Amino acid sequence: MRRRHVAALTACLALITAAPSPASAASPPVSPDAPLTASGADRQREVLRRYAADTWKSMAAMADPATGLPSDKIEGSLDPATRAKVTSPTNIATYLWSTVAARDTRLISKGEALRRVRKTLASTARLERHAPTGQFYNWYDPRTLQIVRTWPENGSAVQPFLSSVDNGWLAAALMMLRSAVPEVSKQADALARGMDFESYYDPQARPDAGTGLLRGGFWPDRPTGCSVESDYNGSGTTVHSTCHHYGALTEARIASYVGIALGQLPPEHYYGMWRTFPDTCDWAWAEQKPVGTWRTYMGVNVFEGTYGYRGMRLVPTWGGSMFEELMVTQLVPEDVWGARSWGRNQPVYIAAQIEHGMNEAKYGYWGFSPSNDPAGGYREYGVDAIGMDTPGYTSDQERTSVDYGFEGCREGTPEPASYGDGVVTPHASFLALRHTPDAALDNLARLRANFDAYGPGGFYDAVAVRSGKVAKQYLALDQGMIMIALGNALAGDSLRRHFATRDVTAKLAPVLRQEEWAVVPPK
């Protein structure tokens, strides 16, 4: 399997190297039903471009014509009347990079992209922010630009909250724009630098390691649940931070990267996040007992552990989902800067997702990540075994999980005899394109052929592969992940190049290149 992955990656890199530079005018759209005339690499490229053209339609349909802010989601018909009445900093980020991806892949012209970006930035600058920290609130009305204080669906109260990971994504997109769209560079830079990520940073979170961690976010007013009074950036304004920290290497690391790149967080903070929890009984509640050793980087003691899964060893995420591992790397070239850590782990992580879907659970499909639930609502999905959390994110509707135990400390339970109605989300396959393009495209083609999984805006959000139920919605987050992956594949890694400017590289690359994870690929 490893040889096939390497061959597929080589083919993908060849496509990227051969990609033309963006043109000033858009190329003619590719009809989704036109016959494929090319073969080999050209055929693969034509399929990717076809997916990009349709996915862009969904992103464009979510944008409010007056403000340029995207809705959180839209129904599969793309009817403007079905746009959600809320948006978030992450939604805005995904629309900004999707617009750049559409330009770089010549789906839209430079002029159209510039008009869209300018409108979105002008509205973003008008959004109310938390004055002492410059952070954006979690929910706004994309039409009025007002903070959402009651949910439009049911009228229940919304307590204003500011999220470190959501603000991290918006700041990252703004940093990308500085290079991607020179005409708005100053405006994007001012917005990004006005966001103080120190306001989330608890320097005492890891006294054992001599560094801190980011909290999940804060409320300006005391919430009804658990909170901690804080004033981490010394603004003189007390806020109420979440009781939890982001202590594992999940998608939330984007906020850490942004804070380090902007000079607001200490670089050694990156090593305060757990690779796995240690191998002592104090941590026996975790998914499994890791194998690893203690090392020191930048003065921080790091337990470099790995989990075992069906003959592989890898560094897990918190829940075992695809976007935790691979969303960040669509913008931050961490697999290049961290070639001996992320660069080793990501292909094995994908292999584990494929192994689970195809051989362990026997769904016939793979790709498990939080998405809309085909039965209604939104839910987390993943491969429980490659997550640190014991309950974990499960791959099926029945929440079938594993419990390997913690050798010498906690007994496990027998592995499941079978799995139920697995829920596969197409965005997971697109995130895997970089490392396994052939497997990703095959998985997507079979989903499209065997289910009613494709609509006017590209792939619908999720498919329950045994019942055949499909979540026929488009989410800004998930479609945005698809667009950035396709933009990188079709336009020479342009989104990553736009983000990884000389100053960002100088801050982040030296931090990431130090580690060497003891990852074991599949045989």
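Helix H3 (residues 89-104) and helix H13 (residues 476-490) pack with their axes 8 Å apart, at an angle of about 30 degrees. Angles under 35 degrees count as roughly parallel, so H3 is roughly parallel to H13. Please keep in mind that this is a predicted model. The points below take you through the helix contacts, then the sheets, then the aromatic rings.

**Helix H3 against helix H13**

- The crossing of H3 and H13 is left-handed.
- On the H3 side, the contact is made by Thr90, Asn91, Thr94, Trp97, Ser98, Ala101 and Ala102.
- On the H13 side, the contact residues are Ala476, Leu477, Gly480, Met483, Ile484 and Gly487.
- Sorted by class, the contact of H3 with H13 has 7 nonpolar and 6 polar residues, with no charged ones.

**Helix H7 and its contact with H5**

- Helix H5 (residues 164-180) packs with H7 at an angle of about 50 degrees, and their axes are 8 Å apart.
- H5 and H7 are therefore oblique to each other, and their crossing is left-handed.
- From H5, the residues that meet H7 are Ser164, Val165, Gly168, Trp169, Ala171, Ala172 and Met175.
- Their counterparts in H7 are Ile254, Ala255, Val258 and Ala261.
- By class, 9 residues in the contact of H5 with H7 are nonpolar and 2 are polar, while no charged residues take part.

**Helix H7 and its contact with H15**

- H7 (residues 253-261) also meets helix H15 (residues 502-512): their axes come within 8 Å and cross at roughly 125 degrees.
- That angle makes H7 oblique to H15.
- The crossing of H7 and H15 is right-handed, whereas that of H5 and H7 is left-handed.
- Tyr257, Ile260 and Ala261 are the H7 residues here, and they meet Val504, Lys507, Leu508 and Leu512 of H15.
- The contact of H7 with H15 divides into 6 nonpolar residues, no polar ones and 1 charged residue.

- An open sheet of 3 strands runs in the order E5-E6-E10, with antiparallel pairing.
- Strand E5 (201-206) and strand E10 (245-246) are the edge strands, each pairing on one side only.
- Strand E6 (residues 211-215) pairs with E10 in the antiparallel sense over 2 bridges.
- Within that pairing, Leu214 has Tyr246 in E10 as its bridge partner.

**The sheet of 4 strands**

- Another open sheet has 4 strands in the order E4-E7-E9-E8, again with antiparallel pairing.
- Its edges are strand E4 (162-163) and strand E8 (228-230), each of which pairs on one side only.
- Strand E7 (residues 217-219) and strand E9 (residues 239-241) pair in the antiparallel sense, over 2 bridges.
- Phe218 has Ser241 in E9 as its bridge partner.

- Strand E11 (residues 291-297) and strand E12 (residues 300-309) pair in the antiparallel sense over 7 bridges.
- Trp294 has its bridge partner in E12, namely Phe303.
- E11 and E12 form a hairpin, with 2 residues between them.
- In the turn of this hairpin, Met298 has a positive phi of about 50 degrees.
- A general point for reading any of these strands: in a regular strand, side chains alternate between the two faces of the sheet.

**Aromatic pairs**

- The structure holds 27 aromatic pairs.
- One of the pairs is formed by Tyr51 and Tyr454, with 6.0 Å centre to centre and 45 degrees between the planes, a tilted arrangement.
- This pair links distant parts of the chain, as Tyr51 and Tyr454 are 403 residues apart.
- Tyr51 sits in helix H2 (residues 40-62), and Tyr454 lies in strand E17 (residues 454-455).

Key: Residues are numbered from 1 along each chain as its sequence is written. This is a predicted model: local features need pLDDT of at least 70, side-chain atom pairs count only at pLDDT 80 or more; totals for chains, interfaces and linings use all residues. Side-chain values use heavy atoms; hydrogens and water are left out. Axes are lines fitted to C-alpha atoms, for helices over the stretch in contact, and angles run from 0 to 180 degrees between N-to-C directions. Angles under 35 degrees count as roughly parallel, over 145 as roughly antiparallel, 65 to 115 as roughly perpendicular and the rest as oblique. A crossing is left-handed if the near helix is turned anticlockwise from the far one by less than a right angle, and right-handed if clockwise. Contact means heavy atoms within 4.5 Å. Ala, Val, Leu, Ile, Met, Phe, Trp, Tyr, Cys and Pro count as nonpolar, Asp, Glu, Lys and Arg as charged, and the others, Gly among them, as polar. Two strands pair if DSSP finds at least two bridges between them. Rings of Phe, Tyr and Trp (its six-membered ring) pair if their centres lie within 6.5 Å; planes under 30 degrees apart count as stacked, over 60 as edge-to-face and the rest as tilted.
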